[in-house]
Amino acid sequence: GAPIAGSAVDKVDQVVGYVSIGYPFGLLASILFGRHHDAILKSEKPKLFIMGTKDGFTSVKQLQNKLKSAAGRVDTHLIEGAGHFQMEGPAFDAQMVDLIVNFIKSLPK
């Protein structure tokens, strides 16, 4: 979902920012979704990437390397010890809400 949504960010004027939870930038994901990566990396719109440090699709190093080439404002938040699918569980709901609400509040009006 994250790569597809990211590829649409600049196609919708009403979208003012982008939040990704567990964006798949790893090798296998790049084979499957790589054609979608460029759109979000080239977008000037503010971006927040939330990822667990134990994500099975993307390593922290892969995320950092990909985001070096990203345009515009790029925020990242790493959740220590969390895997890709763990962050979808209720144990992380409050933390996700806080991160996303704070990102939204930081966007220009």
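**Sheet and lysines in a predicted model**

In this predicted model, three strands form an open sheet in the order β1-β2-β3, with parallel pairing.

Q: Why are β1 (18-21) and β3 (74-79) called edge strands?
A: Each has a single partner strand, so one side of each is left without a neighbour in the sheet. The twist averages 10° from one strand to the next.

Q: What makes β1 and β2 a pair?
A: Pairing needs at least two bridges between the strands. Four bridges join β1 to β2, so the two count as paired. They run parallel. Tyr-18 stands opposite Lys-47 of β2. Ser-20 has Phe-49 in β2 as its bridge partner.

Q: How do you know that β2 is mostly covered?
A: Six of its six residues are buried. Each therefore has a relative accessible area under 20%.

Q: Which residues of β2 lie on each face?
A: Lys-47, Phe-49 and Met-51 are on one side. Leu-48, Ile-50 and Gly-52 are on the other. All are buried, and both faces are covered.

Q: Which strands does helix α4 (residues 93-106) lie across?
A: Helix α4 lies across β1, β2 and β3. Its angle to β2 is about 160°.

Q: Where is Lys-45, and what does Lys-45 touch?
A: Lys-45 sits in the loop between α2 (27-42) and β2 (47-52). Leaving out residues up to four places away in sequence, Lys-45 touches Val-9, Asp-10, Val-12, Asp-13, Val-15, Val-16 and Arg-73.

Q: Why is Lys-42 called exposed?
A: Exposed means over 50% relative accessible area. Lys-42 has 60%, so the term applies. Lys-42 lies in helix α2.

Q: What separates the C-alpha atoms of Lys-42 and Asp-10?
A: The separation is 9.3 Å, with the two residues 32 residues apart along the chain.

Technical notes: Residues numbered from 1 in each chain as written. Predicted model: local features only at pLDDT ≥ 70, side-chain atom pairs only at ≥ 80, totals over all residues. Heavy atoms only, no water. Contact = heavy atoms within 4.5 Å. Buried < 20%, exposed > 50% of the residue type's maximum accessible area, 1.4 Å probe, protein only. Axes fitted to C-alpha atoms, helices over the stretch in contact; angles between N-to-C directions.
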